[in-house]
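Please look at the sequence and the model before reading on.

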Amino acid sequence: MSSTDNANPVITRRDDGAIAILTADNPPVNATSLAVRSGLKAAVETADADPAIGAIVIACAGRTFFAGADVNEFGRPPQKPILFELCNAIEACSKPVVAAFHGTALGGGFEIALASHQRIMKADARAGMPEVLLGLTPGAGGTQRLPRLIGLPAALDLITSGRQIKAQEALKLGSIDAIAESDLLGEAIAMARAAIGKPIRRSGDLDVPAYDAAAVEEQLAAVKKKARGQTSPVEAATLVMNAVKGSTQEGIAAEREAFLRLMDTEQSKALRHIFAAERQALKIDGLDLSSAREVRHIGVVGAGIMGSGISIAMADAGYSVTVVERDEEAASKGRERIGGTYARTVKSGRIAQAVADERLARINVGHDANAFTNCDLVIEAVFDDLQVKQELFERLSGIVRDDCILATNTSYLNPNDIAAHVAHKERVVGMHFFAPANIMKLLEVVRAEHTAPEVLATAIAVGKRLGKQCVVAGVCTGFIGNRIYASYRKQCEFMLEEGATPTEIDAAMESFGLPMGPFRAFDLSGLDISWALRKRQAATRDPAARYCVIPDRLCEAGQFGQKSGAGYYNYASGKPVPDAKAADIIEQAAKEKGLPRKTFSADDIRRRLIAAMANEGGKELEEGVALRESDIDLVFTNGYGWPKWRGGPMFQARVMGLEKIVAEVREMQARDGSEFTLSSWLEAQAQS
Ligand code: COA
């Protein structure tokens, strides 16, 4: 065995007999930065020209194989060699090239593997083409080589969804040649050695396997439908189809054009903003995430919709869960609810019966709170009433261990008040899940006045293990999301008084990319819940604040939304259609206020709603309730159905232009009162 010195610091070559092993080491994730591209291309060409070498292995050091293009290079002028040139050079090599991958082979990383002549993958590794998730398409031959290797339908699926596949699936599809049993590098070297002197199979030279044209047409239509306005999956599908229209190199030229064009789009910028936001969110000044305590056993109080969703999320993540209800009848209903959810998940094919049984066995539902004595963390998910929660926490603090973390899932109450009678207040934290808690990605982790840093770190660690996007929030009514949502909701209602219809507002927001417009969403969640809240708050409401009576009048008329057959819409036909009674109520309310009715364009509606949201977000940033602008965007893209390709309300405010947004807020302030006072943060940002 010998080694050859290499001038490039990130690519090293070590020879094992006739095999040149080229190893990249570019922490943290071996992104294909310039040094990787130039070093690897030179090393492949040098080894190809070296008469002592019969075959080449490409591998990576560190935690993963190449994780794709270096996102830090995006937006800068491309520097040669471009990744597709490296891939072409690998494919053109006259000696067999084996890619040996561990961790994740993503995007450009997978493309390097596809351009190699053989691929071997560690059993726990994953591969994928996540470019569409960044608003891009593959740019280094992936749309051409993958369909030639695994066929059009599978390539379309992987490339347009961005989903990652595990080794078994990769092998079954034919995208790899072998799974490494134990010693990845050793087995890759053996593979390379066996390939010396044999014909080389280049993915780019293969014919696309025969396919069912009608089925592929259907698949393409489905991609478009699912994308709901996002362009990159549709562009990626078109590129994949080039594989049956022309040569690999023609297809690569089209890929390159699309990749560069998409890089400049608002959608890609929004998605890259979210990618960075996700990685920023857990970097919290002064907080050491490694101080998180070990949590094994979790308690949940309440087995209603929220409590059972939380319990399922916990069991799915491997925790053992003790759920306590107030009596056996409620516990039994809870068991049914949890069992029913698992049964539906099995029926839908998402998990096997055995997996469901194993998870279900980890959830113990009873009605004796003493069962919490061995818990490391107890989360309450009971009725959102201060007195109920205060009494519960006081009782719990007498039952659980002194170091057991007490978390509240309250949506609107103040965790400091909930903790009022708790011994060791430093263990109280908010964990605000979004329904259904086992599905929705967002978890607002609320730092209460006394929350100890390691308690906050533990809540985040649990959230991460559940696969949630954690966002740290400070205490205020509604925390980050619901507080902004309340401002949004008010402006939706105000626009009704001023002349817009529910249908117009919904259409404006649905064509913007929301899966459901605000009024359809209000109808779906039920108008009676916020009605009850408003009635409770009526006595303390500022009489000078603008108040819209429309939702109250709908409820008084028995129109609670979808569940009662009508709300803002009528559901008698099974589909939402404009409701005559709602229209009367709206018109009457406007008349009483003497407001002139005007016409709103879709742009007017969007600008007004984004302005209300960004302004409230600005206030949260001033108060420290939200730590950074991008956290607010994560809240809306993970908890409120905002498409990631819109980047969130703060991102959109910038896209629309902060000056315009500020002008809109000033109008709001003049028209709608002090609740909509311009945020000084927003004003300062607009001026900077
Ligand atoms: N380019 C540059 N940096 C990258 C990167 C990329 N393609 N992918 C990840 N990183 C950075 C992250 O920003 C993070 O940096 P930080 O520690 O300074 O915050 C670090 O690598 C670790 O990433 P993280 O996501 O926190 O680690 P992980 O182990 O959870 O996941 C990956 C690793 C590779 C699976 C994940 O980072 C990923 O999916 N990356 C994107 C891959 C991709 O989309 N490639 C195609 C680009 S077109």
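A residue is called buried when its relative accessible area is under 20%, exposed when it is over 50%, and partly exposed in between, with a 1.4 Å probe and protein chains only. By that rule R359 is buried, because its relative accessible area is 19%. The model is a predicted one, in which local features need pLDDT of at least 70 and side-chain atom pairs count only at pLDDT 80 or more, while totals for chains, interfaces and linings use all residues. Residues are numbered from 1 along each chain as its sequence is written, and side-chain values use heavy atoms, with hydrogens and water left out.

Helices (H or I, at least four residues) and strands (E, at least two) are DSSP runs, numbered from the N terminus. R359 belongs to helix α14, residues 353-361. Contact means heavy atoms within 4.5 Å. Leaving aside residues up to four places away in sequence, R359 touches A315, D316, Y342 and I351.

S530 is part of helix α21, residues 527-537, and is buried at 15% relative accessibility. A polar contact is a pair of N or O atoms within 3.5 Å; within protein, one must be able to donate a hydrogen and the other to accept it, and residues adjacent in sequence count only if both atoms are side-chain atoms. The side chain of S530 has such a contact, at 3.3 Å, with the side chain of R489.

## Salt bridges

A salt bridge is a side-chain nitrogen of Lys or Arg within 4 Å of a carboxyl oxygen of Asp or Glu. The whole structure has 47 salt bridges. Three of these pairs are listed here.

| E73 | R37 | 2.9 Å |

E73 and R37 form a salt bridge. This pair links distant parts of the chain, 36 residues apart: E73 is in the loop between β4 (55-60) and α2 (83-92), and R37 is in helix α1 (residues 34-49). R37 is buried at 6% relative accessibility, whereas E73 is partly exposed at 21%.

E266 is in helix α11 (residues 266-280) and R646 in the loop between α25 (629-639) and α26 (649-656), so the pair ties together parts that are 380 residues apart in sequence. E266 is partly exposed at 32% relative accessibility, and R646 is buried at 16%.

D672 is buried at 3% relative accessibility, and R546 is buried at 12%.

## Backbone features

Most residues other than glycine have a negative phi, and most peptide bonds are trans. R228 is partly exposed, with a relative accessible area of 41%. F479 has a positive phi of about 50° and lies in helix α18 (residues 479-498). F479 is buried at 1% relative accessibility.

The peptide bond joining P27 and P28 is cis, with omega about 0°; P28 is in the loop between β3 (19-24) and α1. The bond from K80 to P81 is cis as well, with omega near 0°, and P81 is in the loop between β4 and α2.

## Domains 2 and 3

Domain bounds come from an automatic or database domain assignment. That assignment gives domain 1 (2-264), domain 2 (295-475) and domain 3 (482-524 + 532-545 + 590-687). Taken over C-alpha atoms, the centres of domain 2 and domain 3 are 31 Å apart. In contact are 15 residues of domain 2 and 11 residues of domain 3. Between domain 2 and domain 3 there are 0 salt bridges and 2 residue pairs in polar contact, both at pLDDT 80 or more.
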